[in-house]
Amino acid sequence: MLNHELGCGEGDRAVDQRGTRAPTEPSRAAARVLVADDSASLRTVVRVTIASQGWTILEATNGMEALSLARAQLPDLLLLDLDFGDDGLDGLEVLTAIRADPATAAIPVVILTASSDPAQEARANAIGVALFLNKPFGPIDLIAALRRVLGSDVPGAPLGLHLVQTGALTPAQLERALEEQGSREAPVPLGQLLVERRAISEPELARALASQRERAAVADRRRRVLVVDDNHAVREGLRALIGAERRFDVVGDAASAADAIALARTKEPDLIVLDHEMPGRTGLDAIPELRAAAPAAHIVMYTMSSQIGPEAAARGASAAVPKGDEALLLATLRRLADTQPDHVALPTASRAAGPRASLFRARRRWPWREVGGVAIAVATYTIGFLIVEPVVGASAAVLSVATVAAAGALLGPELGVVTAILTYIVTTLLWTATGHQPGEAILQIGGNGLGAVMLLLLGAGAGAMRSALSRRRRVEALLGHALLGHLEPAAAVGAAMSIFDAQAAVLFRVSADRSELRSVSAIGIEVPPLLALDSLAGAARALREMQPAIVDDAAALAVVGARSAALIPLHAGASGLGLLALLDGRAARFARAEPRVLQALGIAAARALEAASAQPVAEVAPAAR
């Protein structure tokens, strides 16, 4: 057990091209964070990250130490592993004991997990956790988690943490560099020191500084707030209260639900503070239209009606705060400021939250090969009938069975049905031409044209078997390449797209806190480098249950411009979680996809993602352009 109070001397300050920093005000009172994990390397990552905030870090290596420290020190946050690798208390037992003790029950707990076990996560959620953080994670992932749990006033990551996140430095190297920086008589920027020591290269420093500026720009953006209350004095009071916060900008206020909906469409707020009891229409009734008008906005009910919380949440509100509790209102707004609201199905005319992707327009081509295949099948049948008919008579039509079965197996179910229809028509014409009575032989089995129906079913069935077997064989071959380590992300994405005849496919890496999707490889779609996980309907469910999710809702998939999707969760070993998304602009394209085939495809994609773990930059296959 260790107790560190190490300051990195790098707070959240402006940077220049060499990493020089200008002082700024501290972000919040010094917090104490307890990390309980048996991995020394993981504790080092947490230690350098927490120390960069000027906070106190407490460390425990097993469950008993974690529980003792939590009771003795009452930390502001607990980062808790689930499996300590010994015979003592596990993470769930520690969590249960903490929640059962009134002194520690309110401590927010973030679960650190190396695997996604839905049953285990459900138990932890039932006991009470703030967040799950998937291993492995970097300092930037941990900063994002701190912001979500402790509030948006957690400062951004300093330069050293960006270098660790990108793999340019190890946490231990950063600790040594900071010690050397502190021991020098003349101040030297960290970036310059690391380049001088050849710990990093100039390009690595430039990339880290660019990443730091990009994330700082997002974090420093003032969140737009809309206030809705029929009482003028309350509106003015909320304007003054919220406007005094540096992070917030009150962009408008409304006295009625109708005015609020109109303002939400034009002001595009990030947060809406909404009263319930208003003349004409209640705030509760207005929630769905407000969500449609501003899908990226969190709605916080601020009301005297204490019983509406569950119903407000069911309609799309993110939180409910009793009127008069200004401190809780501000804390709630800070907590929600850097997150996306839960997904709601949006009208196609609404703007989706965050960046949007767009499927490439499918190229239309005349199906010459398919038409040629059907024509050859029918012509072969016609010739065979004319050759056999003088010997067997009208029963020569039995050749149509083999013709339809072969067409279905070779060309697929749809063309198998087309071939069946054409052979039925051709058979009738051939009987007439050869002096036979239409309806003889196999077309009279069962009466009432049952033979024609049987032909249709035969064509469709043979084609379906061909499609299923073909998919399985191709997925098995893909798995073989993956197991041998010969599968690149672009190859996995291209194969998945081809196997399921999808218009597009994307391989994502999931952030450690399961809030973002980072594109690794994409074909058939222009996709932003980062997407909020909640913006892609079904993604959170797929990752929570670790089962493929099929989504058939154009509005729900507006962020990727698709009408149907198959979302396959991946567990890529040390690379963490991933997601393979098969996308199509046509409805119900994946409704009949076999879950076992999707899961096997996911295993292959996970191997490809694991092999590409050292590639932080999104890769877009040339074929997608």
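In which hand does H1 pass H5, left or right? I looked this up and found a right-handed crossing. I call a crossing left-handed if the near helix is turned anticlockwise from the far one by less than a right angle, and right-handed if clockwise.

**Ground rules.** I am working on a predicted model, in which local features need pLDDT of at least 70 and side-chain atom pairs count only at pLDDT 80 or more, while totals for chains, interfaces and linings use all residues. I number residues from 1 along each chain as its sequence is written, and side-chain values use heavy atoms, with hydrogens and water left out. My helices (H or I, at least four residues) and strands (E, at least two) are DSSP runs, numbered from the N terminus.

**Confidence.** I read pLDDT as the predictor's confidence in each residue, from 0 to 100. The chain average is 74, and 74% of the residues score at least 70. Among the elements of the chain, I found the highest mean in S9 (93) and the lowest in strand S1, residues 2-4 (37). I noted that residues 441-448 stay under 50 in pLDDT, and that the model has 17 contacts for them beyond four places in sequence. Residues 458-485 also stay under 50, with 49 such contacts. Contact here means heavy atoms within 4.5 Å.

**H1 with H5.** I went back to this pair for the geometry. H1 and helix H5 (residues 139-150) pack at about 60 degrees, their axes 10 Å apart. That angle makes H1 oblique to H5. My axes are lines fitted to C-alpha atoms, for helices over the stretch in contact, and angles run from 0 to 180 degrees between N-to-C directions. Angles under 35 degrees count as roughly parallel, over 145 as roughly antiparallel, 65 to 115 as roughly perpendicular and the rest as oblique. On the H1 side I listed Val45, Val46, Thr49 and Ile50, which meet Pro139, Leu142, Ile143 and Leu146 in H5. By class this contact has 7 nonpolar residues, 1 polar and no charged. I count Ala, Val, Leu, Ile, Met, Phe, Trp, Tyr, Cys and Pro as nonpolar, Asp, Glu, Lys and Arg as charged, and the others, Gly among them, as polar.

**H1 with H7.** Helix H1 (residues 40-52) and helix H7 (residues 171-183) cross at roughly 40 degrees, and their axes come within 9 Å. These two helices are therefore oblique to each other. I recorded this crossing as left-handed. Thr44, Val45, Arg47 and Val48 in H1 meet Pro171, Ala172, Leu174 and Glu175 in H7. I sorted the residues of this contact into 5 nonpolar, 1 polar and 2 charged.

**H10 with H14.** I found helix H10 (residues 232-243) packed on helix H14 (residues 326-336) at about 55 degrees, with the axes 11 Å apart. The crossing is right-handed. Leu238, Leu241 and Ile242 in H10 meet Glu326, Leu329, Leu330 and Leu333 in H14. My tally for this contact is 6 nonpolar, no polar and 1 charged.

**The sheet.** I traced an open sheet of 5 strands with parallel pairing, in the order S8-S7-S9-S10-S11. Strand S8 (248-254) and strand S11 (319-322) are the edges, each pairing on one side only. I count two strands as paired if DSSP finds at least two bridges between them. S7 (residues 223-228) is joined to S8 by 6 bridges, and Val225 stands opposite Val250 in S8. Helix H12 (residues 283-293) packs on the sheet, touching strand S9 (271-274) and strand S10 (298-303), and its direction makes about 165 degrees with that of S10.
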